[in-house]
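Please look over the structure shown here before reading on. The briefing that follows takes up helices, sheets and aromatic contacts in turn.

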Amino acid sequence: MLHADFVIASCLIYVAILFSVAFAGDRKARRNPGGWLSSPLVYTLSISIYCTSWTFFGAVGTAARDGFDFAPIYLGPMIVFTGWWLFLRKLVTVGRVHQTTSIADFISARFGKHSGLGALITIVAVIATAPYIALQLKALTDSYQVLTHPAGAIAASSTILEPNYSVAFWLAAGLCSFAIIFGVRNLNVNEHHHGVIAAIAVEAVVKLVALLIVGLWVVISVRGIPAEIFANAPVSLMRPADTFDTRWVTLIILSGIAVVCLPRQFQVMVVENSSERQIRTASWLFPLYLFLLCLFVFPIAIAGLNRLPAGANPDLYVLTLPLQEDRPLLALLAFIGGFSSATSMVIVSSIALSTMISNHILVPLALRFSIIPTNSTQSVRHFILNTRRAAIIFIVFIGFLYFWVSGTSEALAAIGLISFCGVAQFMPSLVGGLFWRRASALGAFAGMAVGFLLWLYTLFLPSFGGSAIMTAEVIAQGPFGLEWLKPHALFGLAGFDPLAHAVFWSLFVNTALFVTISLITEPTPLLRLQSTLFIDVFRRQTESELRVIRRTARVGDLRQMAERVIGPRDAMELFSNVPAGERAVVASDELLGQVEQRLASHIGAASARSLVSRVVTDETVSVQELKRLASEAEQIRAYSEELESKSRQIEEAAAELASANRRLREIDKQKDEFLSHISHEVRTPMASIRSFSDILLSEPNLEEERKQRFLAIIQKESIRLTRLLDSILHLNQMEKGQPYWEVALFDPDRALDQALESCEALAESSGVKLRRVKQGPPVLVLGNSDKLAQVFINLISNAIKHNTDAQPLVMITSVSDESAYEARIADNGPGIAEDDRERIFGKFERGSNAERAGAGLGLPISRQIIERFGGHLTLAASRPKGAEFTVRLKVARAPSDVLPLRRSVS
Amino acid sequence: MNELDGRNHGVRDAAVILPFAIGALLLPPLILVFATPSLLAGIPLIVLYVYGVWALAVISAFLIARKLELRERVGVAEDPSGVG
Amino acid sequence: MSETRLLVVEDEANIVEALSYVLQRAGFLVETVSDGDAALQLLKRERFAAVVLDIMIPGMNGFDILRAVRADPRLADLPILVLTARGQAKDRQMAEEIGASAFITKPFSNAEVVERLRSFTGKSQQGEEG
């Protein structure tokens, strides 16, 4: 054993060192807030208050009993920190930008500075944390008693000791004074508790070093041989498959949530954060810290199982192993390590909770019932500072009380995880608040409240192991014998680990209510504004950019109010931009925002809001800005959709352009061909004319007969030229849609017969037989008889000219009924190649194998004419021999069809 | 510039994937593969596995944090809002 | 002296008539053919002092005939006057590339055609002048 005086003296020296570190830290911070105080290393070390005495002593204990069951408590946070980019970065940035004072402030600010939400979170946090503080007091007392037990440590750790409450009391008192001295010096939380953080960092190093030294000593004592270290390992380590069940998963998730939601973690990680650099380093340094802390857990646990008597308490192996081997100084080091982890937890927890209690319960109550003295500028500050001091004493006292009442019961052992599950109720609102725009205050409140009640019912109350609040009978059979209300098998969900069961129900119902109610409630303007500020933290930095809510207040009132909370000096600085003579003038919206933000960093966003509201004389909500705010996300989505559709349109336009280009090139080529053809068609008759006129000119004595013949040819070719030019103009005009002929009712058969007559001479000279067939009654069509005859002449003469058959024959058939008239001109010539079937209707196309007389304008002109009559000129489907063209016209039946048309042309 | 952007995306993606990868390695069913009573150099396989994954997570997080820091130093001027 | 035989390949009857008249008056013996395939067969079978060749004719066109003629070693030196209504520069270029001896576009001057054919055949001016 160690002498009590020696142990106490050591502790006092250690505490004195902590005090001086804290003092030095505070002094340095006043002169230069940067430097090592805000280094990522100190920041990371402060986060290690996650590892309390429960870790320091309990990890080895759990490992000795259940093998790997100790690990998930550290693996969860490890995963959360390595994934800092996803969640912690945003959380920490929002906290920093909005000068958050606590997790209650954070969530209430996000949900429209909802004061009820802040109060609820504070209550849950206090209820979940007080027993946790009690656990630390118990660990401290136990370790002290074991260390100083007159009968020796082993005997002490094997028996159940009556806790020495006076030790616990003095410890609690000491922790209170530390927390009050260094934690409540200033109202402005954003100035950071540099002294406390410095001391916490030292404690973090001490507990790590202590555990590492004990671990190394154990390993060295078996010469570092793995086989010897792991000889006689806990049974569960040799049958590991049983460990990785629902409880394992639950613990990883739960501890990952807790490392964010525990008020003390939120305090050191978010509130005390001053740069992204800190969290970035912590993302790997904190997992490394946890890794080192857990490195020797198994060796120590196995050594304890091997070397200490069976009854020894595994939770104290870290302490009793050195004592057993007669290493009192090592034991003292281990004790100091445990002392460090317990004290740092209590100090930071009490500071974090006191801020919450003061800002979210006491100040709002005082504001509501006008308790805050308003006569002097300093009194409000003092009032708030005093409430914080009182709150610290209250919290630690509650912890002490809890320890005293629960005494030696097993209730404390499991309180760590129970506490985790309690604060985990903040998680849905926290995550939803950072990533989901629709998340509403009512949803957050309802989810959290019901989750909290479920936690109380399924986990917290049963943890008392059958007390007056919840009897053993209720736990076993449900209240009033209602099976489905059994706390450990709610709604019949039996067969689960009680912790997994409670985590599931509380978080499931919490999240479900949060989501459902958020979806059906309409957010207030302030909530919408706050949600945008939080969710878009990486895009916007200040509220002043968004003028959703416009308020007016008299500068004088505002200044007076600010002075009371933040003190005259800070207020003067804050109002330094306002000209002195304008105290009564209306404060700008921007100034109001600044003042509120500054107040918020002292007393939380919700209280600051309500305080500022007292001097605000007019408040208007800009509906337009609100709409903009609300629809911003949709706007971005709509914009990107628009971009997508634009780019689709552009693609389509590009494709259209490409095809138009292709068509243009084709048309250009056609134009070239057209001109080439025109040239050819003009040059050929010109050649005859020129040649014969040359002859006539150079031979004046040409015999008369010859002269006459040559002159006739010249005349004929001139007429041919004229016709050609006419038809070019004709086609051009028709393409422009200018009908220039008279329209009348006529019998198409007459036009056909007329055409036949005209072609008889040609047929005869070419030796082609013409056959005419008529079917159906005579009908009338609307159009121009001469034009139709021209079309027929063209078709028939083509059929004659292109017919190379030995017995050439052209069949001319007309068929009519009451609706349509059809004329078919078929030959038994070579026919038209498949490739040419459409081309022949193009200008100057005569089929590839038919380079013969005719300008090549006949078919296109014919088609134009027929289409102008409302009919069709088509080439019949491929035939074995010859070609067949069909002219199809609509029959004008009733006089009523005809008359108006006739009138229109006359 | 473009190359830098590409690398940044890679680092960001890695930063996003890392926690899920580590989580998958430490949760059933994957962890059950190593939950056998076998020993490796006298140490239970599962102990080596869990601590190994843990060390891997620390190293990966360290590398990612360092790359993101480099990126921040290089990229601050060109991308003031780009953290999101 | 033997008569100089010319072949006129042309499908436009009026032009054939005009050319025949003019060339006969110039002292040439003129054969005419209006079809490409027939023209080539005739050229392979019989000897002509020169050829007047239209491009746009039924059957083989003028260019094809020209190519076939130049590919035949016996006919490689045969003077060929291309006489065409296709007046574009690319047609002239094409004709010269594949071995036309001369290229005249329609409408043409009778004198020019006669002049060219005389220079090809070495036939001095004779017969009646008009």
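Helix H11 of chain A is largely enclosed by the rest of the structure, because 20 of its 28 residues are buried, where buried means under 20% relative accessible area, exposed over 50% and partly exposed in between, with a 1.4 Å probe and protein chains only. This is a predicted model, in which local features need pLDDT of at least 70 and side-chain atom pairs count only at pLDDT 80 or more, while totals for chains, interfaces and linings use all residues. Residues are numbered from 1 along each chain as its sequence is written, chains are lettered from A and ligands numbered from 1 in the order in which they are written, and side-chain values use heavy atoms, with hydrogens and water left out.

**Helix H11 of chain A**

- H11(A) covers residues 194-221 and reaches 40 Å from its first C-alpha to its last, close to the 40 Å expected at 1.5 Å a residue; the expected span is 1.5 Å times one less than the number of residues.
- Helices (H or I, at least four residues) and strands (E, at least two) are DSSP runs, numbered from the N terminus.
- Just after H11(A), A:Arg223 takes a positive phi of about 55°.

**The sheet of chain C**

- Five strands of chain C form an open sheet in the order E2-E1-E3-E4-E5, with parallel pairing, two strands being paired if DSSP finds at least two bridges between them.
- Strands E2 (28-33) and E5 (102-105) of chain C stand at the edges with a single partner strand each, so one side of each is left without a neighbour in the sheet.
- The twist of this sheet averages 20° from one strand to the next.
- E4(C), residues 80-84, pairs with E5(C) in the parallel sense over four bridges, and C:Leu83 has C:Ile104 of E5(C) as its bridge partner.
- Helix H3 of chain C (residues 62-71) lies across E3(C) (50-53) and E4(C), running at about 170° to E4(C); axes are lines fitted to C-alpha atoms, for helices over the stretch in contact (heavy atoms within 4.5 Å), and angles run from 0 to 180 degrees between N-to-C directions.

**Aromatic contacts**

- Over all chains the structure holds 40 aromatic pairs, meaning rings of Phe, Tyr and Trp (its six-membered ring) with centres within 6.5 Å, where planes under 30 degrees apart count as stacked, over 60 as edge-to-face and the rest as tilted.
- A:Phe111 and A:Phe514 form an edge-to-face pair, with 6.2 Å centre to centre and 85° between the planes.
- This pair links distant parts of the chain, 403 residues apart, since A:Phe111 is in the loop between helices H7 (103-110) and H8 (115-148) of chain A and A:Phe514 is in helix H25 (residues 498-520) of chain A.
- A:Phe111 counts as buried at 1% relative accessibility, and A:Phe514 counts as buried at 2%.
- A:Tyr165 and A:Phe403 also form an edge-to-face pair, at 5.4 Å centre to centre and 65° between the planes.
- A:Tyr165 lies in helix H10 (residues 165-183) of chain A and A:Phe403 in helix H20 (residues 377-406) of chain A, so the pair ties together parts that are 238 residues apart in sequence.
- A:Arg110 lies over the face of A:Phe111, at 4.7 Å from the ring centre, a charge being over a ring if NZ of Lys or CZ of Arg is within 6 Å of the ring centre and within 35 degrees of the ring normal.

**A strand pair in chain A**

- E8(A), residues 872-875, and E9(A), residues 884-890, run antiparallel and are joined by four bridges.
- A:Leu873 and A:Leu875 make up the covered face of E8(A), whereas A:His872 and A:Thr874 make up the uncovered one.
- A:Leu875 has A:Phe885 of E9(A) as its bridge partner.
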